[in-house]
Amino acid sequence: MKKTLVAILLALTTFVSAFSVVGCSRKDSFDNPGDDYEVNVDMTDEDYQQTATLTVGVTADPYETELINAVAEGFKLLFPNVTIETVRISGTDYVSEVDKRVNAKNVPDIIYTSESESFSFISSEYFLNLAPYINAETKNNADYEKQFVAEAWKMGQENYDGDQYFIPRSSDRIVTHLNTKYTDAAIEYWNEQHPDEALPTDIIKNGWTWDDFMDVCAALREYFDSQGWTVSKGRYLVDHTFTWAPVMFSLFKSNNASISDGTSFTLDNEGTVKTAEMIREMIEKGYIGHTATGGANYENGNGAMLFHSSSAIAKYKGYIGDDYDIVTFPVINGDSGVFGFGVPGYGIFAGIDEAKRDLAWQFLNYIISYEGQEYLAMAGMKTPSVREDLQDYNTASWGEGYRDLNLEATVWEPERNYGETFFLNYPASKKQILVSTMSSFVNEIMTYTGTEVGTLKAEYTIESCIEECVKNLNKYISK
Amino acid sequence: MHKKTDKGVSGGGKDAVVTFLKREWRMSWAGWMFISPLVIGIAIFTAYPMVQSLIYSFYNYDGGRLFEFNGIANFRYMFGLDFEEVAKVFGNTFLYGIISVPLNLCLSYLLAVLVNQKIHGVKAFRMFYYLPVVIPGVVSGVIWSQIMDPSSQGVLNLFLGRFGIPPSGFFATASTALASAIVMNLWGLGGGMVLWLAALKNIPAGLYEAARIDGAGVFRRFFFITVPLSTPMIFYNLVTGIIGAMQTNHTMVFASDGGRGPKDSLYFIAVKIYNEAFIAKDFGYASALAWVLFLVIAVLTAITFMTNKWVYTGDD
């Protein structure tokens, strides 16, 4: 009996101690000064000679490390005694890994982010409000912010329209990656078979419409079938990436589909239905696979087209070779048509040692300087610069090595660049689950049975998919 | 006054407990030292996270700076607004466990009996059957998603096609996803087989010889000697099988929609816990779910232990 009592007491003591330890360990590990802090953007000779080490947290992708190392070389010419160290933040989820580092009080001075991840970092107050620095730079140079592409610059702001929290280093949009071996042959074949309905040979050009795209798909399907590359053999035309947020939301937006009006979810509208029907038409015509079949396998040279970001140009050029090219994402619905858009960039950790804060800003400012952008481009950044004076791919280094491609697709009509905002109506912590729920919705739209054109049957009605999605969205925000 | 007995200390008070602890320590400190690595390991890597997750379950915690006490709100949500989904994931998990645990037990047992025969090259068979167990779960997930590729070009569909069987959706259609996951799970039969083999090897050969002399055939020897004497291992495999089935999460590797599968057909409770923590950024709710899962497993394990009269313990 006594032993049992002692065992219970010991267990209770352990439990209570652990409770206390866990409770105490939840104290904030840093203070965020907001916009109330002193800045110095005018460096003296003494400042340039300072000795310090700045740590920059980057994703596990070696590409990002290479970029930072390259720009650090240029920075060293200004600050010879400053060392830039990259810290790879690897894991299945970048935001969670940064969270862990904050909890462990082991955060780099500067943190990489995309516009998508920045919502979480800004709402968690990890990023320093850069407004005091921007204001100070603007005092020195009234056109400071005008140096940067407005569409990209504002993505670094709170809710795309507030104080600046991170500095975009480049811009990236969804484009159509082509395998011209197939598209050229398909158009030629179609025009031979259907002289009365011949397609213009230049139909695939920047600004081509969704109808143009569907016409090309029809030609491709006929050409593929004529070669024995049928749907039953798993040969599809396009790797669509429709469940990926930048592509998915550009489809919805182009069709004027409303997701939320700020107070409730308004998914049940004509635009949503039209988007769903567009996707289903592609499945039923055998242009894209459904959830129960494979994709077109563009990477391996089997597919004719892929919707993906322009930052993947180098990668796909490597895969496809001489037959590779790009063109804009098809314009849907005339002027309403938008292209998914995003910006990678860097923010300063709010808990950075005050002595290093100005230096960290100097580094960010260098990244977006003319020289810094050229260093990034020479290290492999082949997406449009964030600077207005480096938009011309014919002269700017980011176009080098790829000028035989249709690089105009990456900068054509920048006003069509679009970053989704419906989740701004809700707490930032809900963003990921809301986007994920929308992806699930598209996934359900694409759920079919059957593997042959003509036998395909949608598993759920569009209405039931919308109903299920709205129910889940409401559930997630209600908590 | 404390009265010492051979069972400890009688007589109340804090002093009595302290005296008792001191005496226990003097008598068994060496033992404690030997087990200290294990005790410390369990305290840090099991007890502490358990307590931590219990605390989190009463908080609104996003894994970052948001850490607000919200009482039993997580549990109210679980049995309120989210109940439909919680019921679905527990339903899927139970169904998976009810089918896959007995199936795995029976098939791995039969496999062990087969490779326990004294035949030429049996060691090679044992090695081949065990080989899949050493392949990491993620890798086998990828392999099986290729084998069960739902297109008509998938390995298994190509094979079925040769017999005129139409291609199956496998993991990609709601009606076949769970069955496919259960079949895929058979890939690890070798793990259970090895445990069975150990049990079978421990059965005294004399019993079989005596039975043979008494005229018992293969089946009688199997059902009256092999099965009863391996019940301790059956029991062990049953308990660990139930716990393993309740914690199944390998669908995250290959199932569509973040491991949920079509129409949530592969959405298990462990996958939901992961999704709530790392997709929904709701560590508090994920912790609450984890504790409910823990209680369910505890109850199932307790029931298994309470009904273990069929297990041969050697005392009979």
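Visitor: What makes H10(B) oblique to H11(B)?

Guide: In this predicted model, the axes of helix H10 (residues 218–229) and helix H11 (residues 231–246) of chain B cross at roughly 50° and come within 4 Å. Axes are lines fitted to C-alpha atoms, for helices over the stretch in contact, with angles from 0 to 180 degrees between N-to-C directions. Under 35 degrees is roughly parallel, over 145 roughly antiparallel, 65 to 115 roughly perpendicular, and the rest oblique. Therefore H10(B) is oblique to H11(B).

Visitor: Which residues of H10(B) and H11(B) meet?

Guide: Val227(B), Pro228(B) and Leu229(B) of H10(B) meet Thr231(B), Pro232(B) and Ile234(B) of H11(B). Contact means heavy atoms within 4.5 Å. Five of the residues in this contact are nonpolar, one is polar and none is charged. Nonpolar covers Ala, Val, Leu, Ile, Met, Phe, Trp, Tyr, Cys and Pro; charged covers Asp, Glu, Lys and Arg; the others, Gly among them, are polar.

Visitor: Why is the pair Lys471(A) and Glu84(B) called a salt bridge?

Guide: Their side chains meet at 3.2 Å, N to O. The term requires a side-chain nitrogen of Lys or Arg within 4 Å of a carboxyl oxygen of Asp or Glu, so the pair qualifies. Four salt bridges link chain B and chain A.

Visitor: Which element gives the most to the side of chain B that touches chain A?

Guide: H1(B), with ten residues. By class, that side has 22 nonpolar, twelve polar and twelve charged residues. In contact are 46 residues of chain B and 47 of chain A.

Visitor: What makes Lys315(A) and Glu299(A) a salt bridge?

Guide: Their side chains meet at 3.5 Å, N to O. The limit is 4 Å, so this pair counts too. Lys315(A) lies in helix H12 (residues 313–320) of chain A, and Glu299(A) in the loop between helix H11 (270–284) and strand S7 (305–309) of chain A. Over all chains, the search finds 21 salt bridges.

Visitor: How are residues and chains labelled, and what is counted?

Guide: Residues are numbered from 1 along each chain as its sequence is written, chains are lettered from A and ligands numbered from 1 in the order written. Local features need pLDDT of at least 70, side-chain atom pairs need 80 or more, totals for chains, interfaces and linings use all residues, and side-chain values use heavy atoms, without hydrogens and water.

Key. Helix = DSSP H or I, 4+ residues; strand = E, 2+ residues; numbered from the N terminus.
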